[in-house]
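Here is a brief report on one protein model.

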Amino acid sequence: MGWLSWERFRCNTDCKNDPDNCISDRLFRTMTDLVVSEGYAAVGYEYINIDDCWLEKDRSYSGQLVPDRLRFPYGLHDLSNYVHGKGLKFGIYEDYGNYTCAGYPGVLGYLETDADTFASWNVDYVKLDGCYSHPRDMDRGYPEFGFHLNRTGRPMVYSCSWPVYQIYSGMSPNYSSIVEHCNLWRNFDDIQDSWASLESIIDYYGNNQDNIVPNAGPGHWNDPDMLIIGNFGLSYEQSKTQMALWAILAAPLLMSVDLRTIRPEYKAILQNRKIIAVDQDPLGYQGRRIYKNNGIEIWARPITPVYQNYFSYAVAFLNRRTDGTPSDVAVTLRELGLSNPGGYSVEDLYEDVNYGVLTPLTKIKVKVNPSGEYIFKYKS
């Protein structure tokens, strides 16, 4: 969980004309302060992650990566110390290629040097992209860079873009190796600030779940990309949908939003402790789409507590229709796969309403708003 610059601030390097929004030391210190002061850290958001465009165009004479001297005048070790001083963790971006996606120096030819550099800056999280590289080389290259990260002795979360580039090239990723060498990985497109983009990700994870779900678990996660809640492209209902679905998917929760201007109702979605608890459930099971028909989808995830071999569940009812009126969804708990004869304590995680104990034969009925959802916890 944390904050990431890319989706909201992209590769804005114009600090002369847009000093408040450019990729700079100032921006990351500001967001660090707000993650703490506005309560995000208190609910679990802990990483402050730089994405692309933090670099000079050339390495130093000794071959090391150099932060842009004007935009990061104190260097990244100093920025890392600032983030750590606030009780948070510091993440950085690079690319397994000749260049990053935005054209800055990549790690090819410098894997050991760059791993040592990140460790010397006290980096806690490394995102390694895959532009300007050959997908067939990634089966060797990503584990090799991970080896060098581990060899530094500094614990660093390792986020890989390994499978998505291989999928684009027509390859079938070796998920056994990916699970072994990476902590999280991207399998699909970058998220954009739109409902259409979010829907495409939901469809990808639902349509390919048989191949994707088994790879997730504690220490190794599928990453459907950033939370775009609080930006420009999602309505309030759609924002609730992303948060709920990301929790069902056991997804990393990396906000990419301007925390200076986010509206209170969107902040409340991002700080919903009960949904965050579902996302961070210690069992680490990724949920699945268990029903899809006529624009209505049901997604379910087994979670704690477990009572006499009966899991508790988080269940999301999603309305993909956009015809302007809420849709009725009625289903018994047994039809959801919930069969504990002792019943389940049922709670609406957005509305904070408890429905008491319902038995497997009880039918629950909800009106789901267009492009919205309901998320319930069924406690065994």
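Which residues line the largest cavity? They are Leu4, Asn49, Tyr125, Lys127, Ser159, Arg186, Asp223, Asp225 and Leu254.

This is a predicted model: local features need pLDDT of at least 70, side-chain atom pairs count only at pLDDT 80 or more, and totals for chains, interfaces and linings use all residues. Residues are numbered from 1 along each chain as its sequence is written, and side-chain values use heavy atoms, without hydrogens and water.

**Cavity and pockets**

The search runs on a 1 Å grid over the protein atoms alone. A cavity is a set of points where a 1.4 Å probe fits but cannot get out. A pocket is an open set with protein on both sides within 12 Å along at least five of seven lines. Lining residues have an atom within 4 Å of a point. Grid points are joined across faces, edges and corners, and a volume is the space filled by probe spheres set on the points.

One cavity of 30 Å³ or more is counted. The table sets out the volumes.

| Space | Volume |
|---|---|
| Largest cavity | about 60 Å³ |
| Largest pocket | about 420 Å³ |
| Second largest pocket | about 230 Å³ |

For the linings, Ala, Val, Leu, Ile, Met, Phe, Trp, Tyr, Cys and Pro count as nonpolar, Asp, Glu, Lys and Arg as charged, and the others, Gly among them, as polar.

The largest pocket is lined by 18 residues. Met1, Tyr47, Trp221, Pro252 and Gln280 lie nearest its centre. Its lining divides into 11 nonpolar, four polar and three charged.

The second largest pocket also has 18 lining residues, with Cys101, Asp129, Tyr165, Arg186 and Asp190 closest to its centre. Its lining holds nine nonpolar, one polar and eight charged residues. Helix 6 gives the largest share, three residues. Helices (H or I, at least four residues) and strands (E, at least two) are DSSP runs, numbered from the N terminus.

**Overall form**

The protein has 12 helices and 16 strands. Its C-alpha trace spans about 70 × 40 × 35 Å along the principal axes. Of the 380 residues, 56% count as buried, meaning under 20% relative accessible area with a 1.4 Å probe, protein chains only.

Six strands form an open antiparallel sheet, ordered 9-10-11-16-13-14. Strands 9 (288–293) and 14 (353–358) each have a single partner strand, so one side of each lacks a neighbour in the sheet. Two strands pair if DSSP finds at least two bridges between them. Strand 13 (residues 344–348) pairs with strand 16 (residues 373–379) over four bridges. There, Ser345 stands opposite Lys379.

Note on methods: Buried < 20%, exposed > 50% of the residue type's maximum accessible area, 1.4 Å probe, protein only.
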